[in-house]
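The sequence and structure come next.

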Amino acid sequence: MNKIAIVGCGNMGLIYAHAFLRYKIVTPENLLLIEKNQERRQNLSLVNIGQVVTTDDKSISECSIIILAVKPQDFKELSVELRKVISSNSLLLSIMAGIEISFIQSELKHELVVRAMPNLPVEVNMGMTAFAASEKLNHDQIMLVENLLCTTGRTLFLKDEKQLNAVTALSGSGPAYFFYFMKYLIDAGVKMGLDEHVSSILAKQTMLGSFHLINNGQKNLDEYISSVTSKGGTTEAALKIFNEQHMGEVIIQALKSAERRSEELSLK
Ligand SMILES: NC(=O)c1ccc[n+]([C@@H]2O[C@H](COP(=O)([O-])OP(=O)(O)OC[C@H]3O[C@@H](n4cnc5c(N)ncnc54)[C@H](OP(=O)(O)O)[C@@H]3O)[C@@H](O)[C@H]2O)c1
């Protein structure tokens, strides 16, 4: 069985720890948890999900996978310690936003690096994670990473790491766009006289039903829009306002702005 280390056991690190254990990819004996925050470390020792160790622990060198789940700004400090203990065969899987593979390689003096961009629904195993790998990884190693990441939802392998900026803008930030749209659907319902909980149920179930339709149905998006839009009807009245306000163009501009920001952060 693979021995796995998770460095940074905050929100994301813990999600992976629980997902790997749930799918029996690792046992608590073979899962090393490395956390700087004292309160979090104490909490980790109280629950039997892994071995709580520090960054200088020699057993880190026995891990086939090391997951880097600290905040991007903490990576440089971490790398000073970590580079002393990682073995050259270990795979490093980073989920740190905006930190490029080449930077991780040079800071840790290590070739085998994968960079992944998950999104928030990994919390409920419905995440979307895209990942790219350094050229040194072979097919089996990429599959190993894929098997780990898919414990939290769907995965997508990208040949070109640069596309992770667009991924960050679309699926990384994407949950916030849907929450935003949902918030205003609910607000609109309330303004039209519905109770908030009624408006919320209507909005959520409509989102869920629409997702299943586009995911499982036979029509494309334009055909589904036409299916709901009858001539002179209510949907047409609403879509007319969206079009007059150039909503489609606003969405494209917003995502391009997020992509540019992701590129800027990678260069810092
Ligand atoms: N949250 C998301 O939706 C999301 C999505 C995609 C990618 N990510 C990436 O996931 C990473 C983790 O995010 P998060 O939300 O889980 O952050 P988080 O909750 O702050 O967890 C990071 C943990 O790492 C600890 N830490 C810092 N330096 C360390 C060190 N040298 N050794 C061991 N532990 C150390 C931190 O301790 P302190 O609190 O004491 O600093 C903190 O407990 C980030 O790089 C982020 O870009 C997050």
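Helices here are DSSP runs of H or I with at least four residues, strands are runs of E with at least two, and both are numbered from the N terminus. The model is a predicted one.

With three residues, α1 supplies the largest share of the shell around the ligand. The shell counts 27 residues, and Gly8, Gly10, Met12, Asn37 and Ala97 come nearest to the ligand. Two or more residues are given to this shell by α1 (11–22) and by α3 (75–82). By residue class, the shell divides as follows.

| Class | Residues in the shell around the ligand |
|---|---|
| Nonpolar | 13 residues |
| Polar | eight residues |

**Sheet**

Eight strands form an open sheet with mixed pairing, in the order β3-β2-β1-β4-β5-β6-β7-β8. At its edges lie β3 (51–53) and β8 (153–157), each of which pairs on one side only. On average, neighbouring strands of the sheet are turned by 25° against each other, direction ignored. Within this sheet, β1 (residues 4–7) pairs with β2 (residues 31–34) in the parallel sense, over four bridges. Ile4 stands opposite Leu31 in β2.

**Nonpolar core**

The largest nonpolar core holds 53 residues; Ala5, Ile6, Val7, Ile67, Leu68 and Leu92 touch the most other members. The element that gives the most to this core is α1, with seven residues. Which residues does Leu92 touch, not counting residues up to four places away in sequence? They are Ile66, Leu68, Ile104, Leu108, His110, Leu112, Val113 and Val114.

Technical notes. Residues are numbered from 1 along each chain as its sequence is written. This is a predicted model: local features need pLDDT of at least 70, side-chain atom pairs count only at pLDDT 80 or more; totals for chains, interfaces and linings use all residues. Two strands pair if DSSP finds at least two bridges between them. Axes are lines fitted to C-alpha atoms, for helices over the stretch in contact, and angles run from 0 to 180 degrees between N-to-C directions. A residue is near a molecule or strand if its C-beta atom, placed from the backbone, lies within 6 Å of it. Ala, Val, Leu, Ile, Met, Phe, Trp, Tyr, Cys and Pro count as nonpolar, Asp, Glu, Lys and Arg as charged, and the others, Gly among them, as polar. A nonpolar core is a set of buried Ala, Val, Leu, Ile, Met, Phe, Trp, Tyr and Cys residues joined through C-beta atoms within 7 Å. A residue is buried if 20 or more other C-beta atoms lie within 10 Å of its own, exposed if 12 or fewer, and partly exposed in between; C-beta atoms are placed from the backbone. Two residues are in contact if their C-beta atoms, placed from the backbone, lie within 7 Å.
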